[in-house]
Amino acid sequence: MYYLEIEGTSNLNGSVEISGAKNAALPLIVSSILAKNEVSMKNIPNVADINTLFLLLKNLGASFSFENHEAKINTSTLNNTKAKYDIVRKMRASILTLGPLLARFKECEVSLPGGCAIGQRPIDLHLLALEKMGANIAIKQGYVVASGALKGTDIIFDKITVTGSENIIMAASLAKGKTKLINVAKEPEVVQLCETLKEAGLDIKGIGADELEIYGTDGELLPFKEINVIPDRIEAGTYLCAGAITNSKITVKKANAKHLSAVLDKFRQMGFGIEVKDDEITILPAKKIKAIEIITSEYPGFPTDMQAQFMALALRAEGTSIIDERLFENRFMHVSELLRMGADIKLNGHIASITGTKELNCADVMATDLRASSALILAALFAKGVSRVHRIYHLDRGYEKLEEKFKKLGANIKRLEE
Ligand code: UD1
C-alpha cells in the first residue's frame, strides 16, 4: 500500500491547474446509457472512481476509449442490466446507473451500495421516486431489482439529494410524459447534467432552480452532443486551502469561482485576500487568520466536501472556530487523526469546536475517506517535521496527480510504498 510523506513547510507558491469535476463526470458518463449515438466527453479526470465507472459500463456491455482526459463511450452494445456488487461496492455513485438502466431497458438489478465511512447514506429517496414513477422495486440478495415502464409524475424530495436528483432526472428523460421534481438538488454538477440533456434535445425547464420539469421521450434515446466537464470545485477549494494553511499566495487555474462562492466567502472572512480573473482564483496571505463559523449545507451553501479541509485550516486560526456538519452524521473521522497531530478539537454531536494553535506536530495518520485524506495533507503541510498519511487509496479516488500538483506549489511530498 502507498502512503504520502509530507514535510511541514512554511511557504508554497505558484499555480496549479484544476482537473474536471469527478462528481460531474460520473453522472455524465452514466447518462451515455440514454444516448442514441457514441458520446464524446472532454476534461474527464483520470481518477480511480472514473475508472471504476468505466469498468462497470464495460461490464454492462458498453465500449469506450479513455485517453488524455477524453472519452468516447458507446452504449449501443449494452446487453447486461446487472450492476454487480464487486464493482458497486468500490464506488457508491454506481447507484446512478439504476435510473437510466431502468428507463431504457424496463428492468435492471443494481447492487445496494451499503454504508460508508461518512455515514449510513441510504438510497430510499431514489427508490421512492422510481416507485412513484411506476417502477416495481424489490430488494433481493443485496440487489435493487427494478422493473416496469416509467411514467412522468410529481415527485417531492423530502431531503435534497445530489445523486438521487441525478438518478431521477436521467430516469425521467426517457419516461412517458411530464415529471416534476420538487426540492431537487442545484449543485453545478446537477446543472451540467440537465444542460447536457437539454443540448441533446430533452425538453427540460427550471435548470438550476428548486423545481424541474422534464418532458420524457417515452423510451426514445437522445442524440448527445460533445460534453466538456466543468472544473472540480472541491479540488480547487482544496488547493486554495493549501495556500491558506501555509499563508502563501497561490493560484488555481481552469477553475470556476462562481461555483465556489460560499467557500471563497469563508476565506475572506478568515482574512485572506481572494482575486478572481477569468478562470483563475488567487489566494493571498492574511495578516491575521481569524476563526470562523461554518454550517455545511446543499449548494449554494458551504459544501460538506470542503468541511474537513476547513477544519484543518481552522487549526491555524486565532481563536475557536465552529463547524456544524449538517449533511452526514459521521463525517468527522478526520478529527481523531488531527488530534494525533496535537490539534485541539472538541466534538459535540455534529458540531466541532476547533481552537487554533501556533504549531502542530508531525505524525503518522490514516486517511478514512476522500476529503478527510486531503485535510490530513493540509494539516501535515502546517505541522512541524515529517508526517506520513496512510491509506491514500481514498485520495486516488478523487484527486488527480495530487503529489505532482502539490510539488509544483513547492511542497515536499513523496509517494512511498509500505
Ligand atoms: C453527493 C456527492 C458527495 C457529496 C454529497 C453532498 C457525488 C458522486 N457525491 O453524494 O461528494 O458529499 O453529494 O453534497 O456526487 N439521503 C437520504 N436518502 C437518500 C439519499 C440521500 O436520506 O435516498 C441523505 C444522505 O444520507 C445525506 C443527504 O441526504 O444526509 C445528502 O446526500 P446526497 O446528496 O444524496 O449525497 P450523495 O448524492 O450520495
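A search of the whole structure finds 21 salt bridges, each a side-chain nitrogen of Lys or Arg within 4 Å of a carboxyl oxygen of Asp or Glu. This is a predicted model, in which local features need pLDDT of at least 70 and side-chain atom pairs count only at pLDDT 80 or more, while totals for chains, interfaces and linings use all residues. Residues are numbered from 1 along each chain as its sequence is written, and side-chain values use heavy atoms, leaving out hydrogens and water.

Let's visit a few of these pairs. K180 and E211 meet through their side chains at 3.7 Å, N to O. The pair links distant parts of the chain, with K180 in strand β11 (residues 176-182) and E211 in strand β13 (residues 211-217); strands here are DSSP runs of E of at least two residues, helices runs of H or I of at least four, numbered from the N terminus. K180 is partly exposed at 22% relative accessibility, a class lying between buried (under 20% relative accessible area) and exposed (over 50%), with a 1.4 Å probe and protein chains only.

Now look at R331, whose salt bridge with D305 brings the closest N and O atoms to 2.8 Å. R331 sits in the loop between β19 and α11 (333-339), and D305 in the loop between β18 and α10. Both R331 and D305 are buried. Salt bridges with shared partners also join K22, D49 and R397 into one network.

D49 brings us to helix α2, where it is one of the buried residues, which also include I50 and L53. Just after α2, G61 takes a positive phi of about 110°.
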